[in-house]
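Colleague: Could you walk me through this one at the level of strands, helices and a few side chains? I'd like to follow along on screen.

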Amino acid sequence: MSVSTESQAGFLSRRRFFSWVSSLAAALGAGSLASSVASSAETFASPTASSDGEDYYAKLGVPTIINAAGTYTTLTAACMPPEVLAAVQKAALHPVRLHELQQKAGEYIARRLKCEGAVVTSGASGAISLATAACLQYANNISILEMPQAIEGIKNQVIVQRAHRYEYDRAMYLCGARVTEVVTLDDYKRACGAGRAVMTNFFNAAEDEDGIAASAQIGREEWLRVAHEYKIPCHLDAAADMPPISNLWKYTGMGFDLVAFSGGKGMRGPQNAGLLLGRKSLTDLAHENNNPGDGIGRGMKVAKEQIVGMVAAVDWVLSHTEESMQGDYQKRVDLIAAAMKGIPSVRTETVVPKIANHVPHLLIRFDPKVIGVTTDQIVEVLRNEKPSIELNPNTGQKPNQGIPADGNTLVVGVWMLQPGEDVLVGQRIRALLTRKA
Ligand SMILES: *Cc1c(COP(=O)(O)O)cnc(C)c1O
């Protein structure tokens, strides 16, 4: 919780807040909450449920949610489209030789995504680990079994700009690699020249389209040029950076030796799948380190269902145009924005983050003093309703990831909503913003 929202929470006491919640329930009519729960259970039953399968979410008592946030891992990211789901179901019926499936899937994906080699990984994070393992091997000519314990004293550094350090650095440490942090171009040249680097890591969404963010000094083109002068392979983390579809070949085409994408985010493959794309000499080494060998990827198992699911997800993505890939997201944004019309102090705005999550998001700005409720309280009520609605985590936060929110802004990510849920989200938010004190 940010400082500003904490202090806002002060002006609405908890007691007033709870009486407001119960008066809201009363205002909606005694039976209406219950009936809306029942009707939403019908309307919003998992679209993927088959008539003969047991509903294990219900059996386990795990409520399904309305995802008005986005492709967040903690919210189980995307749901697979029917075509992908059908492919997964079919693949599950027959055993195959795993190596053969990995190999053929890699070749197929590489062909479709215009690169030399591809590996279906356990996710983007798994792809970063396999990329690191491949580059450690490539630079040192070591066997896969020697990671991570035997890499002291050999080349083991990954060069990263300070502004590109993030939680996924751990995926590189896992192989025994260490990070050499650089800020200036001179730092970078020195680090490349030191002869200890096996790879560089570039966090794609840390930069704007021109390549250079305020916080980082080296853009993509220059980053590649310098590393390649020293023959150091460059890895790019583009996990959440599709759409646009063309990003799937843009960065390998630019010269990045390896590029990671998450399979379960915008690509809508299985959540536990991802892609490592790039130069065949390196993706072959990544394959060697992957399950079921004895390499670092042994615990990053990708089953036949995920491999086929990822291939089908690639086909599904490529069956779209850039325009159709954006779906009816803008329509959903407009529909929810229209539901806010005429509410005092409320202003709405559409935002499309430049790199990661490059789809329309709705910002709903309001004055809590006029509305009489805080951002945190709205988030809490929506979360506790049935069905539970989860707003984008940038709600109430400082500008981040291309979303210029603040303490008094709700952020609605519309792209993971199931059909009809946009109407419900609009109604619920309107109800909360138009409470009678
Ligand atoms: C989501 C994400 C990852 C991890 O992706 P998984 O597929 O969940 O492993 C890595 N890097 C970035 C920048 C991400 O957004």
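Modeller: Let me begin with an open sheet of three strands, ordered E9-E10-E12 and paired in antiparallel fashion. Two strands count as paired if DSSP finds at least two bridges between them, and the element names come from DSSP runs numbered from the N terminus, with helices being H or I of at least four residues and strands being E of at least two. This is a predicted model, in which local features need pLDDT of at least 70 and side-chain atom pairs count only at pLDDT 80 or more, while totals for chains, interfaces and linings use all residues. Residues are numbered from 1 along each chain as its sequence is written, and side-chain values use heavy atoms, with hydrogens and water left out.

Colleague: Which strands stand at the edges there?

Modeller: Strand E9 (347-351) and strand E12 (409-413) do, and because each has a single partner strand, one side of each is left without a neighbour in the sheet. From one strand to the next the twist averages 20 degrees, where axes are lines fitted to C-alpha atoms (for helices, over the stretch in contact) and angles between N-to-C directions run from 0 to 180 degrees.

Colleague: How many bridges join E9 to E10?

Modeller: Five bridges join E9 to strand E10, residues 361-365, and the two run antiparallel. Within that pairing, Thr 348 stands opposite Ile 364 of E10.

Colleague: And what lies across those strands?

Modeller: Helix H15, residues 329-338, lies across E9, E10 and E12, and it runs at about 20 degrees to E10.

Colleague: I keep looking at Arg 365; is it buried or exposed?

Modeller: Arg 365, which lies in strand E10, has 13% relative accessibility and therefore counts as buried, the classes being buried under 20% relative accessible area, exposed over 50% and partly exposed in between, with a 1.4 Å probe and protein chains only.

Colleague: What does its side chain reach?

Modeller: The side chain of Arg 365 reaches the backbone oxygen of Pro 404 at 2.9 Å, and a polar contact of 3.1 Å joins the side chains of Arg 365 and Glu 349. A polar contact here is a pair of N or O atoms within 3.5 Å; within protein, one must be able to donate a hydrogen and the other to accept it, and residues adjacent in sequence count only if both atoms are side-chain atoms. Not counting residues up to four places away in sequence, Arg 365 also touches others, including Ser 345, Asp 406 and Asn 408, with contact meaning heavy atoms within 4.5 Å.

Colleague: Switching topic, what is the strand order in the seven-stranded sheet?

Modeller: That open sheet has the order E2-E8-E7-E6-E5-E3-E4, with mixed pairing. Strand E2 (117-121) and strand E4 (178-182) stand at its edges with a single partner strand each, so one side of each is left without a neighbour in the sheet. The twist averages 25 degrees from one strand to the next.

Colleague: What does E2 pair with?

Modeller: Five bridges join E2 to strand E8, residues 274-278, and they run antiparallel; in E8, the bridge partner of Thr 121 is Gly 274. Helix H6 (residues 98-112) packs on the sheet, touching E2 and E8, and its direction makes about 120 degrees with that of E2.

Colleague: What about His 235, where does that lie?

Modeller: His 235 lies in strand E6, residues 234-237, and it is buried because its relative accessible area is 0%. Leaving aside neighbours within four places in sequence, His 235 is in contact with a set of residues, among them Ile 128, Ala 131, Phe 202 and Leu 276.

Colleague: How many residues does H7 have?

Modeller: Helix H7 (residues 124-140) has 17 residues and reaches 24 Å from its first C-alpha to its last, close to the 24 Å expected at 1.5 Å a residue, the expected span being 1.5 Å times one less than the number of residues. Of the 17 residues of H7, 14 are buried, so the helix is largely enclosed by the rest of the structure. Asn 141 follows H7 and has a positive phi, near 55 degrees.
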